[in-house]
Amino acid sequence: QVQLVESGGGTVQPGGSLTLSCAASGSVFGVNAMGWFRRAPGKQRELVAEITRGGRSNIADSVKGRFTISRDNDKNTIWLQMNSLKPDDTAVYSCNADVIVVWGTKSVWGQGTQVTVSS
């Protein structure tokens, strides 16, 4: 069984910072691309940032310059550093990973973590 364990969500004032982490655990032989998605109330889920195993990242225009994604392949973990947070960043953030398992690859989702930006 493979699961993604997320942490780091919470409530912060506008202009504040939060760091989200996501770790793959279980019968994991490795992880290809990993990323963060978010869904705000009444909106569709959108990609926030993703990073390949080789470290190449893709950041959404809406958060570029404010958010940074990084990873540690030995720990099968990624982090999303979120700075200069705005109320529009309020959403449920979910981690996704393309996990290498014994029979191939599997797309796995985390349970989601709430980020609220409010004064």
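**Notebook: hairpin, salt bridges, surface patch**

I started with the hairpin: β7 and β8 form it with 4 residues between them, and N76 in the turn has a positive phi of about 50 degrees. Strands here are DSSP runs (E, at least two residues), numbered from the N terminus. Two strands pair if DSSP finds at least two bridges between them.

This is a predicted model, where local features need pLDDT of at least 70, side-chain atom pairs count only at pLDDT 80 or more, and totals for chains, interfaces and linings use all residues. Residues are numbered from 1 along each chain as its sequence is written, and side-chain values use heavy atoms, with hydrogens and water left out.

**β7 and its partner**

I looked up the pairing next. β7 (residues 67-72) and β8 (residues 77-82) run antiparallel, joined by 6 bridges. T68 stands opposite Q81 in β8. Then I checked the faces of β7. F67, I69 and R71 are on the covered face. T68, S70 and D72 are on the uncovered one. In a regular strand the side chains alternate between the two faces of the sheet.

**Salt bridges**

I found 4 salt bridges in the structure. The criterion is a side-chain nitrogen of Lys or Arg within 4 Å of a carboxyl oxygen of Asp or Glu. For exposure I used relative accessible area: buried is under 20%, exposed is over 50%, partly exposed is in between (1.4 Å probe, protein chains only).

R38 bridges to E46 at 2.6 Å, N to O. E46 is partly exposed at 33%. R38 also bridges to D89, at 3.0 Å, N to O. R38 lies in strand β4 (residues 30-39) and D89 in the loop between β8 and β9, so this pair ties together parts that are 51 residues apart in sequence. Both R38 and D89 are buried; R38 has 7% relative accessibility. I noted a network of salt bridges that links R38, E46, R66 and D89.

K64 and D61 meet in a salt bridge at 3.2 Å, N to O. K64 is exposed at 51%, and D61 is exposed at 66%.

**Surface patch**

I also looked for nonpolar surface. F29, V102 and W103 make a patch of about 440 Å². Patch residues have over 30% relative accessible area and no salt bridge; like charges are joined within 9 Å, nonpolar side chains (Val, Leu, Ile, Met, Phe, Trp, Tyr) within 5 Å. Areas come from the Shrake-Rupley method with a 1.4 Å probe, and for residues only the protein chains shown count as cover. V102 sits in the loop between β9 (91-101) and β10 (104-109). V102 is exposed, at 69%.
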